[in-house]
Amino acid sequence: MIERYTRAEMGQIWSERRKFETWLEVELAVCEVLAERGVIPGSDMEAIRGASFEVAAVKEREQVTDHDVAAFVDVVAASIGKSGRWLHYGLTSSDVLDTGLALQLRDAGKVLLTDAGELVGVLVAQAREYRDTICIGRTHGVHAEPTTFGVKLAGFAFEAERSRRRLEVALAQLAVGKLSGAVGTYSALDPTVEKAVMDHLGLEHEPVSTQVVPRDRHAELLSAVALAGASLERLATEIRHLQRTEVREVEEPFKEGQKGSSAMPHKRNPIVSERVTGLARVLRGNAQAGLENVALWHERDISHSSAERIVLPDSTTLLDYMYNLAIRVVGGLRVDPERMRENLELTHGAIFSQSLLNALVEAGLGRDVAYRVVQRAAQAAWDERRPFRQLLEAEPEVAGHLDAPQLDELFDYGRFLRNLPAVFERLDVLVVG
């Protein structure tokens, strides 16, 4: 991933040095188990524990071998001396590659789950802050009925928690390694060695592998990452809509010294939310590559490898970056309750139409007749910019069924808030990782 979208901790996890370090962890763990079983002499094991490498040396050696694992083994074995002959004993490359990758993904997952939990927390906090801040709810982009900004954020909080849990499950099932050899038959090392090594590394062993850990596991993670990105995109899209000049109910944080446009000094653009939206598209494309990596020829081909070297580091790095953008935006939102109130009046009261329809039905008017009466008045209010209530009072069917005090009650915004405490009580059940 390009430096612009890479945060330091995640960048270190996916660095070349860290990749080789995980390979060395696997190689040394195998040697330790073999030494415990008397396969590797104790004196050799002492020397093996001093193994080391330099990234540049591995890269240089790869120019000769044209094989990254073979180059790595050569460099590390050379750092050990004669005892280096035991390095990579009984292993095939994918034993090291896939098990080392599981260690990197485990570390990346810890970062993502921390990010995900933090986003849930900031959404819950802001939902509670704006629980009673009334605004218009929109369906099809058109004014529907009043809601509160807190309710909007509460929905995003639960969605973010679902994303966190999906990631948690996907990462847990991916914490597996294998040492089953060239075609998964344990022809060089027996299954007890594999189990002992995985116990040492804190991983599960793949129950039945070919030469590789099955790629449905990696596809599940990439799918969960893409879903988390899609949820962030929904949040970002809402903020972008609410920041439009014609709406302007919410704005992203705009820091001191920031410039919104190189040409127009008045501009404050939702650039962070737009960035999240764009990067979510990349995550979806990467998930597609992950799905296509599942079908490999026979016991293994290498078609997954090239794509995987890109999509796994890039997807986890991007999601980490996107989470932190979202945390910053949500935590620093500029909310304009007065503008929300102004926008509530744009239809001149027509947003109370459902309340009036239900009241007329309760008062004995037929539903279709009541619907047509309310629809006629609501459309006139909107199109002619006239008060909806006055238009209703001029309708005989309304005057014959509802008196002024009843209309007062129906035109009270509080009617839309009376059942909201139950929504906010549900926020308490969120388990933030």
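I count helices (H or I, at least four residues) and strands (E, at least two) as DSSP runs, numbered from the N terminus.

**Ground rules**

My model here is predicted, so I note that local features need pLDDT of at least 70, side-chain atom pairs count only at pLDDT 80 or more, and totals for chains, interfaces and linings use all residues. Residues are numbered from 1 along each chain as its sequence is written, and side-chain values use heavy atoms, with hydrogens and water left out.

**Overall form**

I looked up the make-up of the chain and found 18 helices and six strands. The radius of gyration is 30 Å, whereas a compact globule of 433 residues would be near 22 Å (taken over C-alpha atoms; the globule rule is 2.2 Å times the number of residues to the power 0.38). Along the principal axes, the C-alpha atoms fill a box of roughly 100 × 50 × 35 Å. Buried residues make up 50% of the 433 (buried means under 20% relative accessible area, exposed over 50%, partly exposed in between, with a 1.4 Å probe and protein chains only). Of the contacts between residues at least 6 apart in sequence, 76% join residues at least 24 apart (contact means heavy atoms within 4.5 Å).

**Pockets**

I then went to the pockets (on a 1 Å grid over the protein atoms alone, a pocket is an open set of points where a 1.4 Å probe fits, with protein on both sides within 12 Å along at least five of seven lines; lining residues have an atom within 4 Å of a point). Of its 25 lining residues, Lys19, Leu101, Gln104, Arg309 and Pro313 are the closest to the centre. Two or more lining residues come from each of α1 (8-13), α2 (16-36), α6 (93-129) and α11 (303-331). The largest share, seven residues, is from α11. I sorted this lining by class and got eight nonpolar, nine polar and eight charged residues (Ala, Val, Leu, Ile, Met, Phe, Trp, Tyr, Cys and Pro are nonpolar, Asp, Glu, Lys and Arg charged, and the others, Gly among them, polar).

The second largest pocket has about 360 Å³. Its lining has 16 residues, with Ala350, Ser353, Gln354, Tyr371 and Ala378 nearest the centre. Helix α14 gives the most, seven residues. Here I read eight nonpolar, six polar and two charged residues.

**Serine 231**

I found serine 231 in helix α9 (residues 216-243). Its relative accessibility is 11%, so I log serine 231 as buried. Leaving out residues up to four places away in sequence, serine 231 touches Glu159, Ser163 and Arg166.

**Aromatic pairs**

My search of the whole structure gave 12 aromatic pairs (rings of Phe, Tyr and Trp, its six-membered ring, with centres within 6.5 Å; planes under 30 degrees apart are stacked, over 60 edge-to-face, the rest tilted). Phenylalanine 20 and phenylalanine 53 are edge-to-face, because their ring centres are 5.8 Å apart and their planes at 80°. Phenylalanine 20 sits in helix α2 and phenylalanine 53 in the loop between α3 (42-48) and α4 (55-65), 33 residues apart. Both are buried.

Phenylalanine 352 and phenylalanine 411 make a tilted pair, 4.9 Å centre to centre with 40° between the planes. I have phenylalanine 352 as buried at 4% relative accessibility, and phenylalanine 411 as buried at 18%. Which cluster do ring pairs build around Phe352 and Phe411? I traced Phe352, Phe388, Phe411, Tyr413 and Phe416 as its members.

Definitions and conventions:
Points joined across faces, edges and corners; volume = space filled by probe spheres on them.
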